[in-house]
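Thanks for asking me to look this over with you. Have the sequence and the 3D view side by side, and take the points in order.

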Amino acid sequence: MIIQAGFDLEILARLLIAPKGIVLPKLVVIELDANMQFADIQVVSHQFAGRMEPHFGSILRQLDTDRTRYFAIAHAGAWPECPALDAPILEEAEALRTLALQRGFLMIGHFGLEGAEYMSNGPHYYFDRYHLGLPCTMDHWMHGARQLQLRGP
């Protein structure tokens with residue numbers, strides 16, 4: 001399965017963080033390979049209390065150097081809609097992004113879930129629209145649609 005957009009990542013994370021519609025105190029890592037294909041999703045904490053730094057080691061250990069190039073994190077709870085630039089959760093996410101990049105991984109999403117809503121500190125929509133230097137993902141479904149047209153009904 002190719003992940004094409006930030007909301008794809010949020011939907012995957014929601015399955016583990018709010019399986020019955022109630023947000024649980026979890027921190028999740030979603031891994032993608034070099035072609036933006038889904039690789040894995042894991043809960044790295046069942047006791048997420050709003051701080052990411054205590055979980056850096058668990059997050060980084062989860063990332064598999066053989067299969068993972070890109071990853072996203074998602075957790076229970078959001079940050080203020082207009083956060084101060086030094087909001088702790090956002091500062092910690094940036095520190096994690098830097099640590100991961102030093103190990104060859106690129107963090108492409110950070111999601112905070114609250115009820116039926118979510119916040120994103122990264123792309124919400126199709127990654128191709130953001131010009132982030134990520135592999136093209138829209139060609140896959142465009143090619144598939146073209147193949148269906150060639151075959152006819």
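1. Where does Glu92 lie? Glu92 lies in helix 3; helices (H or I, at least four residues) and strands (E, at least two) are DSSP runs, numbered from the N terminus. Before going on, please keep in mind that this is a predicted model, in which local features need pLDDT of at least 70 and side-chain atom pairs count only at pLDDT 80 or more, while totals for chains, interfaces and linings use all residues. Residues are numbered from 1 along each chain as its sequence is written, and side-chain values use heavy atoms, with hydrogens and water left out.

2. Is Glu92 buried or exposed? Glu92 counts as buried because its relative accessibility is 5%; buried means under 20% relative accessible area, exposed over 50%, and partly exposed in between (1.4 Å probe, protein chains only). Setting aside neighbours within four places in sequence, Glu92 is in contact with Arg51, Met52, Glu53 and Phe56, where contact means heavy atoms within 4.5 Å.

3. Now look at the whole of helix 3. This helix covers residues 88–102, and its 15 residues reach 21 Å from the first C-alpha to the last, close to the 21 Å expected at 1.5 Å a residue. The expected span is 1.5 Å times one less than the number of residues. Just after helix 3, Gly104 takes a positive phi of about 95°.

4. Which residues of helix 3 are buried? They are Ile89, Leu90, Glu92, Ala93, Leu96, Arg97 and Ala100. These residues are on the same side of helix 3 because they cover an arc of only 160° around the axis, the arc being that of the directions from the helix axis to the C-beta atoms. An α-helix has 3.6 residues a turn, so residues three or four places apart point the same way. The buried residues of helix 3 pack against helix 2 (56–62), strand 3 (70–76) and strand 4 (106–114).

5. Next, the core. The largest nonpolar core has 21 residues, and Val29, Met52, Ile59, Phe71, Ile73 and Leu96 touch the most other members. Helix 3 gives the most to this core, with five residues. A nonpolar core is a set of buried Ala, Val, Leu, Ile, Met, Phe, Trp, Tyr and Cys residues joined through side-chain atoms within 4.5 Å. A second, separate core of 16 residues includes Ile17, Ile30, Ala74 and Phe111.

6. Strand 3 deserves a look too. Seven of its seven residues are buried. Strand 3 pairs with strand 4 in the parallel sense over seven bridges, and the bridge partner of Ile73 in strand 4 is His110. Strand 1 and strand 3 run antiparallel and are joined by six bridges. Two strands pair if DSSP finds at least two bridges between them.

7. Follow strand 4 onward. Four bridges join strand 4 to strand 5 (residues 117–120), and these two run antiparallel. Leu113 stands opposite Tyr118 in strand 5. The hairpin of strand 4 and strand 5 has two residues between the strands, and Gly115 takes a positive phi near 60° there.

8. Of the 153 residues, 42% count as buried.
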